[in-house]
Each structure stands twice: as structure tokens, then as C-alpha cells.
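Me: Could you walk me through this two-chain model, starting with how it's packed and then how the chains meet?

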Amino acid sequence: MSAPQVLSAGDVSRLSGLQLLVKQVVEGFSSGLHRSPHKGFSVEFREHRAYVPGDDIRTIDWKLFGKTDRLYIREYEEETNLRCTILLDCSGSMGYRGSRAGGLSKHEFAVRCAACLAWLMLQQQDSVGLVTFDTQIRRYIPPRARPRHLKHVLNELCTQQPGAETGLADVFHQIASRIHRRGLVLVLSDLFGDVDQLMKALAHFRHARHEVVIFQIWDEDELDFPFRQWTQFSSLENSAQRHLVDPAQLRKAYLQKLAEYREQLTRGCSRQRISLVPLTTSQPCADALAAWLAVRRRAR
Amino acid sequence: MTLLNPLLAFGAIALLVPLLIHIFNRSRFRTIEWGAMHLLESVISQNRRRFRIDQLILLLIRCLIPAVLAACLARPVLTGTGLLGNAPVGLVLLLDNSYSMEATDPAGTRFSAAVDSACQLLAGLPRGSQVSVVLTGGRPTLLFDRPLTDLQAVTRRLRQLRPGFGASDVAGSLQLGMDQLQNIPAVRRQLLVLSDLQAEDWAALTKGSATALQKQLQAGTVPTELLVLPVASTQQQSADNLAVESVELPQQPVGVGQEFFVRTRLRSYAAKDFNTTEVSLTLDGQPVSTVQTEVKAGGTADVLFRCRSEASGSHVVTVAVSADDLLGTDNQRSAALEILNSVPVLLVDGDPGTQPLQGETDYLSVALTPWTFGRVPLTDLLQTQVVPAAQLTEPLLKTARVVVLANVPKLSDQQLEWLTSWVRDGGALLVTAGNRLDLDWHRLKLWNEGNGLLPAVWGELRGVGSDGASAGAAATPGSAAAASPSARSARIVSRRSEHPALAFFNDPSNGDLSTAEIRRWHVLTVAPPSSTAADAVDAAERPADATASAGIPAVAAVLDTGDPLLLERRSGDGVVLQLATAVDADWSDLPLRPFYVPLMQQLMTTLAVQIQPPRNLLAGAPAVALFAPAEEPAATADTGPTSPTQPLPTITLLDPLGARSGLSARQQGRWLLAESTVTQRPGVYTMTLPDGLPRHFAVQTDSSESDLRLLDPGQQQAAVEQLGGQLLKSLQEYLETDRRRRHGQEIWPLLLAGLLGLLALEVLLQQRFAGVVR
């Protein structure tokens with residue numbers, strides 16, 4: 001997959017003008033769109049405080065001095081840029097390519113979403129990083145806000161292919177320990193695995209006060225299990241794992257199991273105040289992200 | 001289990017198709033590289049066993065569908081063991097043709113319902129079945145001489161039958177039916193009773209006879225089924241019926257212009273009263289009298305009609321009652337009556353007198369023709385002719401119906417031969433005692449050791465003056481007591497008599513015979529006749545029944561001394577009476593008694609008609625008519641009654657239904673005899689003789705058949721069960737059961753329903769297993 005395929009002009013135009021704002025304060029290096037926990041001298045006034053020796057005299061509000069004959073210092077709220085880390089699942093299960101996805105596999109869809117998100121962050125002067133992983137961290141690109149950083153990200157995205165088994169919980173623990181400053185963590189994964197272990201790993205992020213948004217990538221086939229004739233299901237992560245079954249018989253139980261799984265996941269994310277955004281590969285990723293951003297803006 | 005389309009059963013191989021499809025599908029699966037394997041695997045591991053069972057169930061149903069379809073198309077027939085198929089059946093129909101079957105139910109008469117049922121049953125019998133029909137009314141009778149295989153002929157014959165016979169003999173009919181079944185070689189035998197199950201008929205079937213019949217039914221090597229089909233509706237239990245129970249005619253002969261009484265009895269079998277019921281009497285179809293009477297519920301009413309006829313010959317008296325009841329057949333009853341023009345009596349006087357009332361037969365002649373003697377303008381029934389013994393000739397004998405030998409000493413051998421022949425050909429002879437009898441001749445010729453005409457030999461002379469030297473000297477009345485003080489006179493014992501002539505005096509108002517004094521009489525010793533060579537020859541020449549009829553003399557009247565007064569014995573076709581005393585006043589005061597006239601009249605008329613066969617018969621009894629040949633033999637040398645070469649005439653018989661049939665007459669001594677034994681049906685039979693005169697016979701039957709009460713359903717069941725039979729509720733039900741038993745039951749509708757059920761179940765289970773429906 002080449003860079004233009006990963007981030008198409010259409011996606012760019014669809015996302016231009018949109019901003020991804022975090023819901024909580026994040027720590028950044030430069031002023032930006034996002035509120036910073038550090039008070040400074042920015043454009044947005046916050047409060048007056050009494051002058052103490054050592055303060056920069058440039059911050060004295062002379063007008064207030066003329067009125068009150070006391071020295072006060074104007075304090076402004078500091079705006080900072082966002083440190084966003086995109087976690088891209090490259091496990092084998094992401095390689096599923098459904099018939100209704102327009103030829104896209106879940107992995108390719110996730111890559112496109114990641115590219116869009118990276119571009120979006122860099123566009124708004126935020127720094128963005130990328131972590132690709134399967135059972136282990138494949139590649140870690142620290143967050144950068146330079147426009148050229150997009151090229152590194154896209155190049156990395158282009159080179160990734162799904163393959164190995166999934167081990168989300170361990171990988172998330174590893175990643176959480178490597179991201180020190182509070183920021184935004186965007187997870188692009190199908191989250192197939194043990195939910196309890198997964199929630200514990202996500203809790204690690206939350207403990208580090210990261211805002212976590214999980215884009216759960218689904219294929220339509222996984223949601224409605226439309227198969228009819230006898231089928232041998234072969235695991236994308238373990239080729240030795242295969243079952244010859246009549247899908248019609250399975251469907252009911254499968255859908256029930258799926259509903260339980262999603263319910264468990266939703267409940268866990270809600271408890272951790274993690275945004276869980278289900279995306280299906282049948283819809284354009286830019287549209288899906290735009291819709292999500294619009295919703296998020298209204299919620300803010 | 002048999003198949004009507006066995007080739008289509010091979011379609012059951014199609015059950016392999018779903019199996020092959022299943023195997024084919026499993027071998028031609030598609031492979032999908034699946035991501036959400038952790039979901040799928042847990043589902044598979046948790047439900048693997050259930051999925052396998054579901055698959056097996058679905059596979060089984062899918063395999064069953066073509067198999068059941070093939071079975072359905074093959075039209076299987078469910079059969080049991082011992083299936084007979086179209087094997088011929090031996091069937092004996094016991095058809096109740098008693099006159100109660102003419103009772104009308106809403107759907108028609110019971111008999112028509114029975115015949116319809118029988119025809120329906122016959123139509124369903126397999127080819128080659130043999131059928132016999134027993135008509136149970138009156139005496140059980142076979143409709144056919146042997147069982148028939150032509151069922152259409154049986155049906156046609158059944159359609160022609162008419163009921164109207166007497167009460168059914170259930171036990172006799174069943175016995176006859178079982179005997180018939182023994183002659184039918186069939187693997188299955190049936191005895192079907194078609195009857196109204198009248199309570200009166202079936203009550204006669206005792207438990208003992210029922211048990212015996214049941215054992216007989218079960219004893220045969222071939223199983224015999226007894227089926228009973230009631231043809232009368234038990235719902236309609238109204239048995240309102242009024243019947244003419246009896247018609248009684250006078251026992252003594254009736255002459256032309258004589259008035260006689262007809263006594264009839266009406267019986268009600270209803271729960272209601274019959275008020276102002278009209279009862280009418282007709283004589284030969286002409287109305288005579290009509291009266292109105294009332295018959296209480298369950299009661300009887302007697303009606304007495306007065307009647308007379310101005311024409312001699314055979315007549316029919318019919319009593320009819322007009323009543324709105326269930327059964328019209330028994331609303332009338334007929335009786336046959338012979339009106340006599342005159343009875344010629346030949347009095348052979350053995351002691352003629354010169355003075356009035358001095359002759360031996362003078363008193364008798366007066367007693368037999370009282371109107372003529374008294375110059376009363378009335379006609380005497382009896383016409384007498386007195387001749388001396390020497391003038392007795394054969395032509396004279398042929399003109400007489402009764403001959404009296406009064407104190408005749410002896411006859412010539414020729415006269416004796418004529419007389420013997422005349423008596424044995426049906427003549428009636430009265431021999432009376434007297435003082436002029438030649439006892440030796442009487443003993444040797446007339447008695448002839450019991451083989452002659454005389455019933456008993458004249459024995460010892462008893463009574464007043466019997467021990468005197470000359471009985472003739474003491475013959476004068478009033479002098480007998482002086483002849484022998486030890487001897488005494490005798491009197492007739494007064495007792496109820498069964499003799500037709502003396503039964504008239506059973507009523508004391510008609511006279512008391514015991515008042516007569518018998519002063520002198522011969523002891524008549526009754527002894528059986530000894531067989532002699534001459535008699536054996538004679539018997540061989542005569543018909544067998546004539547020989548048999550010559551029996552032991554019967555005592556009609558007896559004296560208080562124990563000695564018989566009047567003996568009677570049949571001799572050939574004739575009858576001979578022997579009176580132990582004289583008919584004049586010499587030996588008794590009988591002629592001086594008021595009852596002398598009726599006594600002699602009764603004796604003569606009874607003798608005159610006794611040789612005629614009865615006209616009122618019970619059903620089944622032969623109707624016999626005796627008549628004289630059309631032409632008398634011309635040659636004087638031919639002493640026989642008719643020439644052997646003379647053709648015998650044919651007699652026409654008209655039965656109660658109006659059907660005519662021919663009867664062949666046969667020679668019976670000097671008479672010609674016509675006989676019909678087909679008199680099972682009650683009613684009036686008429687024989688038309690060559691002289692053109694009719695002879696009517698009234699055949700009667702037991703009136704108990706008029707009681708139309710039926711067995712109730714519980715009694716029906718019990719009665720049939722004690723015979724070991726099966727009570728059929730309806731013929732249609734039986735035919736359906738029999739068809740199943742014979743051919744089995746087609747079960748393709750059940751299979752088709754099962755097939756549709758399987759299809760629906762397959763769709764339902766498939767949807768349910770796939771989670772489309774919950």
C-alpha cells in the first residue's frame with residue numbers, strides 16, 4: 001500500500017476544517033488548541049494576582065495599578081498542543097477482508113483511519129505518534145508536531161501487514177509504560193481477545209491520565225454472520241485452527257456470543273470512561289471519522 | 001402390509017438423496033479465513049454436541065421426506081394377520097319374514113329395510129361366495145335348495161319376497177342356518193340375522209338353547225361369525241297395535257240357510273284405548289255385519305256375529321277391524337267354512353216294523369229329519385233313506401255320506417265287500433246293537449279279529465233281562481225289570497267329552513246325557529287288531545297313510561258300569577262308530593229323551609264331515625282336498641272308482657298373494673286328492689277343482705307376532721352375546737369394518753399428512769436451529 005492509497009485526497013478534503021479536540025487537559029510543548037494544565041501568558045485571561053518580587057514586570061497590569069495603586073499581575077490560561085499516540089493493531093485477525101467492504105481488509109481500513117487521524121492532528125499543530133503492534137510492539141514512532149512527521153507516519157503505515165496473533169493486554173501495558181506525558185491515545189483495533197485482560201490494560205492508560213479513544217474495527221460479516229453453506233473457518237492468526245461447520249446452525253449462537261462480547265466491552269469502556277467507537281469497513285473511513293468528530297464536538 | 005403400487009415403493013431409495021446432498025455439501029465446503037475466531041470457537045466448543053444432534057435430526061427428517069413420499073405413492077394397505085382378501089365367503093342370511101316385519105318405520109317397512117341391507121351386503125361379497133337364505137317366519141324354510149353363487153339371482157329373488165308369515169323360530173332358524181353353513185366350503189362363514197328383534201320371538205330363545213347354539217358355532221373347524229342386524233328403529237318404541245286374535249266358527253256342520261255364529265276376539269297391544277272401533281264381518285267378500293266396540297289398552301274384546309248363507313259349498317268368513325295402528329296385516333283374519341246342502345244318510349234297518357215307531361230306524365229317522373217329520377217348511381240338513389238290509393247295494397252306498405246299520409243281523413258277502421270298500425274310501429258308518437244281530441257273523445265277518453269294519457266284537461249282553469233266555473222276549477219296555485231282579489240298567493257317565501259330536505253336550509243347557517237309562521247293551525271289548533295275511537295283502541294294495549290310519553278304537557262315551565257305550569275307529573279313510581245299545585226304544589229310553597234329536601244330528605253330521613280334511617289350518621299344515629272324480633265309471637264290471645288309464649286332473653291353487661300354481665291330483669281310494677304343503681303364509685288359499693267349485697283353506701298363525709314390542713338395546717346386546725354373536729349398529733359400519741378386515745386399510749392419507757408434517761417440521765426446525773425464529 002502506497003502513501004496516496006493510505007491517505008487519499010478525498011479523505012483529506014473530507015477532514016479538512018475539522019478539529020480533534022481532547023476532552024481533558026493534556027500536556028504539550030507549544031501553544032495550541034488544547035488547554036494546558038500550566039498557567040502562562042497566553043491570549044485568554046484567567047485571573048489577577050498580587051505582584052511578588054521576581055515576577056516579570058511585563059506582566060503587571062498597569063491600568064489596574066492606576067485604579068487601585070497596587071501592583072497586580074494579569075495571568076492568562078496557557079494553551080498547549082496535543083500529544084496524540086495512535087495504536088494500530090496489526091494482528092492477523094485484522095487481515096479479514098469481507099465481501100461488503102469494497103475490497104478493504106480491516107487492517108487496511110484501520111491504516112487509513114490512522115493516516116487520517118495523523119494528518120488531522122498534525123494539521124492542528126498537535127504532535128502525533130504511532131505504535132504498531134501484534135503480540136509485541138512492532139514499531140514505536142514518538143509524537144512529533146512537525147509537518148514532515150506525517151511522512152514518517154505514513155511510511156510506517158504503508159509497510160505494516162497483519163500477520164501474527166493478538167496479545168493486546170501485554171502490548172498495551174508495554175505501550176502505557178512508554179508514554180510518559182498525558183495525552184490522547186487512539187487505538188485502532190478489533191479488540192479480539194480476553195475482555196477482562198484488555199480492560200485492565202486500558203486501565204493502565206487511564207491511570208496515566210491519558211484520554212483513550214478506541215476505534216473498534218468491524219467487518220459487516222463479523223456482525224451479522226451471513227454465511228449459509230458449509231464453511232471451513234480458518235483462523236487468520238493460527239492456520240492450525242480450523243472448523244468445518246454449517247454456518248446456519250451457528251449463526252444464532254454466534255450472534256448471541258457477539259452481543260455478549262460487545263456488551264461486556266461497552267460496559268468496561270464506560271466504566272473506564274473510554275470512548276468506544278465501532279467502525280465498519282463497509283463505510284468510508286473519512287466519513288466515519290467525520291461523523292465521529294462532529295458528535296464529539298457537540299458533546300464537548 | 002401390502003402395496004397397491006409396489007414399483008413406486010422403490011422411490012424410497014430417494015432417501016439417499018438428502019444423505020448424498022449432506023455428504024456433498026460437507027465435501028464441497030468453502031473456506032473462509034476468519035478473524036473473530038475467539039467468538040466462533042467458543043460457540044463451537046459449547047454447542048458441538050447440540051449441533052451434531054440438530055444435524056442428525058434435520059438429516060433424518062430430510063431422509064424421511066422422500067421415503068414417506070414414496071411410501072405414500074405406493075399406496076400401502078395396512079393388513080392384519082389372517083387377511084382373507086377376496087376369498088369367497090359362505091354366507092347364510094336369516095331373513096325375518098314374519099308379519100311383524102310389515103310394520104312401518106319412518107323409512108318404510110322393516111322388511112324392505114332388511115332386504116335392502118341384505119342386497120347391499122350381497123353386492124359387496126367377493127366373487128365365488130356362496131349364499132343361502134333361511135326365511136325365519138313361521139317354520140324356518142330354505143329359500144333355495146342349495147347355496148347359490150349367483151349373487152344377482154339371490155338379490156332378484158330377495159326383492160320378490162313378501163313378509164307376512166308367522167312368528168320367527170329363532171333357535172330353529174339358527175340351527176338350520178348352521179346346518180346349511182356346514183355344506184358350504186369356505187374359509188370364512190357368516191350367519192347374518194336380519195330381524196326386527198321382536199321381544200316375543202327372542203324371549204322364546206332359552207338360555208340353554210342359546211348356549212348349545214353358541215357351542216355349535218364355536219365347534220366348527222372353520223370359524224363361523226354370527227352377526228345380528230336389527231332393522232327396526234329402537235327409537236320408535238310405540239307398539240300401538242290392534243289385532244284380530246281369533247275367529248271361531250261353529251263346530252257342528254252348517255247347512256244352507258242355517259244361521260250360525262261367528263265369534264271373534266280383538267286384542268290390543270297398545271298403551272292407548274281404541275274407542276269406537278269398527279269391526280266388520282264379510283262372507284266371501286260380501287259385507288254381512290258391522291259393529292262398533294271398544295278395546296281397552298292391553299285388553300281384549302269379544303264380538304259375536306250372526307250369519308247365514310244361502311249357498312252351499314266352501315265359504316270364507318273374514319273379520320276386519322279398522323284401526324289406526326302400526327301394523328295393518330293383523331287387522332283382519334279369515335276362516336274357511338263349509339256350508340252343506342244336505343247330508344244323505346242311508347239307514348239300513350235290520351228290524352223293520354209294520355207300525356209307526358216299531359221299526360228299528362223309525363226313531364232315528366224322525367230325529368234326523370225333524371222338520372220334514374213335523375211338516376215345518378224348513379230344510380233338514382240330513383236327508384234319510386231307509387232300506388232293509390237285503391236292499392243294500394253299491395249304487396245306494398255311493399249316494400250316501402253316512403250309513404247306519406241298525407240292528408242288522410248280517411249282510412251278504414257282496415254287500416260286506418261293497419260296504420268295506422266304501423268305508424275305507426272315506427265313508428262313515430254307524431253300527432248299532434239290537435236283538436237281531438247275528439253275533440257269529442258279526443264276529444267272523446264284520447269284526448274279523450279286529451281287521452274288519454267293526455271296532456270291537458259284540459261281547460256279553462248285559463242289563464235288564466240280559467240273563468233271560470230270550471232277549472227278544474224282554475224287548476218290550478216295562479217288562480225288563482221283571483226278567484232279572486239282579487240285573488240293572490245303566491246310565492251314561494256324565495263327563496266332559498272331547499269327541500266332536502258329544503262336545504256339544506259339554507254345555508249342560510244342551511242336554512244331560514246321564515239322564516238316559518240304558519237297559520240293555522253289549523259289552524264291547526277294545527282290543528288291538530291282529531295282522532292277518534289277508535289284511536297284509538289288503539294293506540299292500542292301499543296307500544300307506546290309509547293303512548296307518550286304522551288305529552285302536554277310541555271310547556267316545558262310557559256307561560257307569562264301565563262298559564263302553566260308543567266306540568270310534570278309523571278304517572282306511574273312513575270312520576266307523578259302534579253303539580253298544582240299540583237306537584230305538586227297545587234297549588234304552590234314549591229316543592224318549594230331549595237330547596236324542598241333537599245327539600243323533602251331531603253324530604250324523606260329525607260323521608259326515610269328519611272324513612273331510614280340515615279347512616282351517618295352522619301355518620305349514622298341508623291343505624288337502626278330497627273330491628269325487630269328474631265322471632263315474634260307466635262299466636258295471638269295473639268295480640274300481642276310476643279307471644287307471646283315466647288322466648288325473650290338475651288343480652289350480654290360489655295363494656294369499658294372488659299367485660296361481662298347479663297341483664296334481666292323485667287317486668285316494670274312490671276319491672281324488674289334491675294336496676298343497678306350501679301353506680307357510682297365513683291367509684286364504686283357494687283350490688279350484690275340476691268341477692269349478694272352489695275349496696277355501698284358511699291358514700292361521702300364532703297371533704303373538706302382533707305384539708310389536710322390540711328388545712331394547714341392552715336386551716339386544718345381551719341376547720346376541722349369549723349366542724356368541726356380534727350386534728351390528730348399522731350395515732354401513734359393518735361393511736366398512738369388513739372391508740378393512742378383508743382388504744386392510746389404505747394408509748396413504750395418513751402418510752400424506754405425515755409427509756406434510758415432516759415438511760413443515762423440517763422448515764420449522766431449520767429456522768429454529770438457524771435462529772430465525774425463537
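Reply: A residue is buried if 20 or more other C-beta atoms, placed from the backbone, lie within 10 Å of its own. This is a predicted model, where local features need pLDDT of at least 70, side-chain atom pairs count only at pLDDT 80 or more, and totals for chains, interfaces and linings use all residues. Residues are numbered from 1 along each chain as its sequence is written, with chains lettered from A in the order in which they are written.

Me: What share of the 300 residues of chain A is buried?
Reply: Going by that cut-off of 20 or more C-beta atoms within 10 Å, the share of chain A's 300 residues that count as buried is 41%.

Me: How many residues of chain B are in contact with chain A?
Reply: Contact means C-beta atoms, placed from the backbone, within 7 Å. On chain A, 33 residues take part, and on chain B the number is 24.

Me: Which strand of chain A pairs with S2(B)?
Reply: Strands pair if DSSP finds at least two bridges between them. Here there are five, in the parallel sense, and A:Phe233 stands opposite B:Ile32. The chain A partner is S9, residues 231–235.

Technical notes:
A residue is buried if 20 or more other C-beta atoms lie within 10 Å of its own, exposed if 12 or fewer, and partly exposed in between; C-beta atoms are placed from the backbone. Two residues are in contact if their C-beta atoms, placed from the backbone, lie within 7 Å. Helices (H or I, at least four residues) and strands (E, at least two) are DSSP runs, numbered from the N terminus.
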